[in-house]
Amino acid sequence: MGGLAVVIAPGPAMINNVAVPLVLFPGAWGVLFFYACLDQKLLRAYGVVAGLTLLNGGLIAWHFAQTADVLQAAA
Amino acid sequence: MSIDVVALLLAIPSALILWLLADRDPKRLRVQRIRDRGALSANQRKLLTVALFLPALPLMALGYWSAFLIWFGAVFMVGWCVVLSLSTLASR
Amino acid sequence: MINVSTRMTKSLLAIHGCSAVFLGLLLYTVILTGTLAVFEHELGVWANPPSQAGEAPLPSGIGARMKTLAASVDPAYLDEVGVFPSSDGRLMAFFHTHVEAEQGREAVEEGTLILLEPASLEELDRVTGSADEVFRHFGNNALSNFLLDLHIRLLLPGQWGLWATGLLGFAMLVASVSGFVIHRHLIKDIFTLRRRRADVLAARDAHVIAGSWSLPFAFVLAFTGAFFSFGGAIGLPMLAAIAFGGDVETALEVLQPEVGEDSSPAPLADLDLILVSAAERTGGEPQNMFVNHWGRADALVTVRMSAEEGGLLPGAVLYKGATGEFFKTQPNLGNEPSFGGDLAGLMSPLHFGNFAGTPSKIVWFALGFASAYVALTGMVLWTRRRESEPGWDKLARATAWLGYGLPASLAAVAAGYFLLIDGVSGLGYSLLYVFLGGLLATALLSFGARSAEAANRLLLRLTGGIMLLLPLLRWLAAEGPGWGMALSSGLSWVFVMDLCFILGALACLRYKRPHSSPEEINIERTDEDKTVAERVADAA
């Protein structure tokens, strides 16, 4: 979910990137929950959830790294 | 009169249609063993279902979303009450 | 009809059952209190009405009155000033400032809270301290506040309560989706309700029919509820940290309008004229008003408006405080209109049902009631299925205890409020003790009764009995207005609520469970009549 804050454009009011994932989040967790419960292959379910977690973590890390670059360039 | 009160009034025709649909519902008549009236045909039920939603069209077309939500919620609650009352009547 | 495999149905049934059994009773508590909280303001007025109703949420003359009040408080508290109606229809004026926090602690608001009569604008009482202290000081809202605390936080302290109710919202979401999928004949069965049957079918029908008719709204209420609890507790801090890199300054700038800082003194423009202008400009009604930097050249007046006719989203109008000139209109969230802001803004009218006054509240109350009924009948169904198994009698009694003991305890809290309240003075934790006492007493009754069924009847009668006493206690013990006086002072809700409690009490006292006749129990059941659990058992 955190990754969405990076992916979604802030929009004119600069809040779309926060508000949209915030609203979607019960739905996102709901879908993941049902998927994890219903998938017959437990390993695959682990894999998908872990993959999504890594993807989000990666996006956040990439975003922070970029911000740090911009700050360094400014300094 | 406020548009939100109009929405409640628009729920009345929908409620009447719901009553008719519920009263002559084939499964209900069979399960509650009511034999003094016939069930509606599939086409009749389809027609009535379309009519049920007609009052909401002007609200949606004019963008009165608060009124639409009131109508929508009211129809669902009326539906529940209709089913409860009909089953009470049938079990007497 | 939704076609799903037996295996999937089995898993979904297990999910549906688990979400219900482990969290069902708590979920029922949250739904029932939420249903009552739809009428939070009306209950507030009923419990402790002002002497005369105000003509509007912000009555005319409030601007001038605020100026005389501003002259009487510590000038440091003019930093931020708000005036808004409290739950009981009185007005609250809060003059405050943000005190810099010590290392590692959250910043607190500190100021003077003044309670006003809404019609005469006469000052009733005032108190100075931190925001937490001053809002707990007055007892006039204690009843609605108790209800909200139970609904939002299950009376748990701090973030724990939000985590708990967030989880419950999520459980309700899961239960409504899984319930929708496992119910094979949603449309076909939507009018069929068997009542005079003693077996599981009658209990199943009661649960399924109420569930079917309230399904879309149960989903919406659960979704928005989970959003409010989880969103506030973890979602927002986390997302803001990522989006703004933990930069609180940027985050605040994005949310607040830009006004150049200018601390030179300047008198405040006529607030009453600003209110009139805001109403003309938007066609809505001013709900509350906030003034930043009162008495400075950069003063900013924010007037929050009701949603326009037929609309769902309320907005705000901003004025420059020193000149009184119109500055800008502001959307619900953020400085500019945005998809995300509107989406987040929709959550609150959809959850609270307060977007169109009484008509929408009536509908939302009914939807909440239906959802509470679904939660309770679901628990009853679960216990009925296992009637023969040992240990399930305890769960049946627990269901009876919370199912009917909770309304009885809540009614006892209202009765306690009338017996304890003295004007607008605070009540501390007394309502909590009354509530816990009520729960304990009803627990003893349910587990001591002959059977779970007997406990149900007893507690329902008890709820009815206490509810019937409420109007009397309100009138005699709390010295509230009689019906004639209430109606002539524009406090019609006092009369309406009394009437609702009397009717509710009579319904509880007269309620009879439908009895089953032996011949009906022996009706042959077709395959279609089988419950999901039976079908799964057959397949296995």
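In the predicted model, 27 residues of chain B are in contact with 29 residues of chain C, two residues being in contact if their C-beta atoms, placed from the backbone, lie within 7 Å. On the side of chain B that touches chain C, at least two residues each are supplied by α1 (3-23), α2 (26-31) and α5 (65-90) of chain B. The largest share of this side, 14 residues, comes from α5(B). Its composition by class is 16 nonpolar, 7 polar and 4 charged residues, where Ala, Val, Leu, Ile, Met, Phe, Trp, Tyr, Cys and Pro count as nonpolar, Asp, Glu, Lys and Arg as charged, and the others, Gly among them, as polar. Residues are numbered from 1 along each chain as its sequence is written, and chains are lettered from A in the order in which they are written. As the model is predicted, local features need pLDDT of at least 70 and side-chain atom pairs count only at pLDDT 80 or more, whereas totals for chains, interfaces and linings use all residues.

Chain C contains 18 helices and 8 strands, taken as DSSP runs (helices H or I, at least four residues; strands E, at least two) numbered from the N terminus. Of the 540 residues in chain C, 48% are buried, that is, have 20 or more other C-beta atoms within 10 Å of their own.

Within chain C, the axes of helix α12 (residues 392-420) and helix α14 (residues 452-476) come within 9 Å and cross at roughly 10 degrees; axes are lines fitted to C-alpha atoms over the stretch in contact, with angles from 0 to 180 degrees between N-to-C directions. α12(C) and α14(C) are therefore roughly parallel to each other (angles under 35 degrees). Their contact comprises 21 nonpolar, 3 polar and 3 charged residues.

Notes:
Parallel < 35°, antiparallel > 145°, perpendicular 65-115°, else oblique. Buried ≥ 20, exposed ≤ 12 C-beta atoms within 10 Å, placed from the backbone.
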